Amino acid sequence: MDQDAKLISSAKSGDKVAFGKLIRKYEKTVYSFAFKICRDKEKAEEAMQETFINAYRGLKSFTGSSKFSTWLYRIVTNNCLMMHRKKSHEPVVSLEDSELFRETGELQVPHWGETPQDAVLNNELKEILDRAIQKLPLEYRIVFVMRDVEGLSTEEVGKTLKLSVPAIKSRLHRARLFLRNELNPYFTR
Amino acid sequence: MCEKADRDLSSPTCKKLREHLAKCPDCVAYYDSLKKTIILYKNYKVEYKGSCCEEVLARLELDKPLQISLPKKSRPKSPKRS
């Protein structure tokens, strides 16, 4: 039995010290993921706390068939979605109808030139990245962050979001394209 | 690119893709900008410096069922048998 399994087993029997160890081990991962979705430090902290509260209350349903971290991703994703729906009255926007994907004839590909891959993320660039991803509908943002930023497999993302692999691939493609287009003005000026 | 598309690097699709990229600067630029978009978001990290452990555990303490201590019922003494 690995260390996580032992801690989970103890926490299931009500051992809060063991659960505290799990919190300390995963809080940075959960916070970082929540921030990447919410793009707001306070909301990310709220989502993180709710995630651990929900995790403790639902621990008995964790069977160990997936990694504990994957299970936490599922909970934090739901919390971010719920917080977003509660606080936002924006209509649900689908990228399916976006101008970006209409047939426009010849494909225009702006060249980004010599942008270094490890470009220093100065404040201006951070603001641009924040603005761009905040325009991306949450359902697409989550797929992009899970798959491309956190490095989960397409299957894991599908299981977490209860979506088929083709649906994940389609959302991911659209999310990447949307973000790339939002960043175009910055890198082609 | 094949890795991002969840395809085997040696698959015929990936081979065709590589051949096409070798002669299409527009597709190279397109792929390059997508790759850089992903890298930029990967590099944008925000670290959580505190710990929410104490606060979460304190909130979970409230989950304990209320334990109200009631005075024990005084049982009537059974009559002594002689």
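**Entry 1. Terms and model.** I take helices and strands as DSSP runs, a helix having at least four residues and a strand at least two, numbered from the N terminus. With that in hand, I placed Arg39(A) in the loop between α2 and α3 of chain A. I note that the model is a predicted one.

**Entry 2. Overall make-up of chain A.** I looked up the secondary structure and found 8 helices and 0 strands in chain A. Along the sequence the pattern reads α-α-α-α-α-α-α-α. I then checked burial: 34% of the 189 residues of chain A count as buried. For contacts in chain A between residues at least 6 apart in sequence, I recorded that 68% join residues at least 24 apart.

**Entry 3. Domains.** The domain assignment divides chain A into domain 1 (3-87) and domain 2 (95-187). I looked up where they touch: 10 residues of domain 1 are in contact with 13 residues of domain 2. On the domain 1 side, α2 and α4 (68-87) of chain A each supply at least two residues. The most comes from α4(A), with 6 residues. By class, I recorded 4 nonpolar, 3 polar and 3 charged residues on this side of domain 1.

**Entry 4. The nonpolar core.** I next turned to the largest nonpolar core, which has 52 residues. Among those with the most contacts inside this core are Val30(A), Ala34(A), Met48(A) and Leu72(A). Helix α2 (residues 16-38) of chain A provides the largest share of the core, 11 residues. Why does this core lie between domain 1 and domain 2 of chain A? I concluded that it does so because both domains give residues to it. As general background, nonpolar side chains in soluble globular proteins tend to be buried together.

Leaving aside neighbours within four places in sequence, I found Ala34(A) in contact with Ala44(A), Ala47(A), Met48(A), Val76(A) and Cys80(A).

**Entry 5. Helix α3 of chain A.** I looked up the length of α3(A): its 17 residues reach 25 Å from the first C-alpha to the last, close to the 24 Å expected. Its buried residues include Ala44(A), Ala47(A) and Met48(A), and also Gln49(A), Glu50(A) and Thr51(A). Against what do the buried residues of α3(A) pack? I found that they pack against α2 and α4 of chain A, together with α3 (53-61) of chain B.

**Entry 6. The contact between chains A and B.** I recorded 33 residues from chain A and 28 residues from chain B in this contact. On the chain A side, the elements giving two or more residues are α2, α3 (41-57), α5 (123-135), α6 (138-149) and α8 (165-187). The largest share of that side, 9 residues, comes from α2(A). By class, the chain A side has 16 nonpolar, 7 polar and 10 charged residues.

Entry 7. Arg39(A) has a phi near 55°, a positive value in a residue other than glycine.

I found Lys162(A) in the loop between α7 (154-161) and α8 of chain A. Lys162(A) is exposed, because 8 other C-beta atoms lie within 10 Å.

Definitions and conventions
Residues numbered from 1 in each chain as written. Chains lettered and ligands numbered in written order. Predicted model: local features only at pLDDT ≥ 70, side-chain atom pairs only at ≥ 80, totals over all residues. Core = buried A, V, L, I, M, F, W, Y, C linked by C-beta atoms within 7 Å. Buried ≥ 20, exposed ≤ 12 C-beta atoms within 10 Å, placed from the backbone. Domains from an automatic or database assignment. Contact = placed C-beta atoms within 7 Å. Nonpolar A, V, L, I, M, F, W, Y, C, P; charged D, E, K, R; others polar. Expected span 1.5 Å × (residues − 1).
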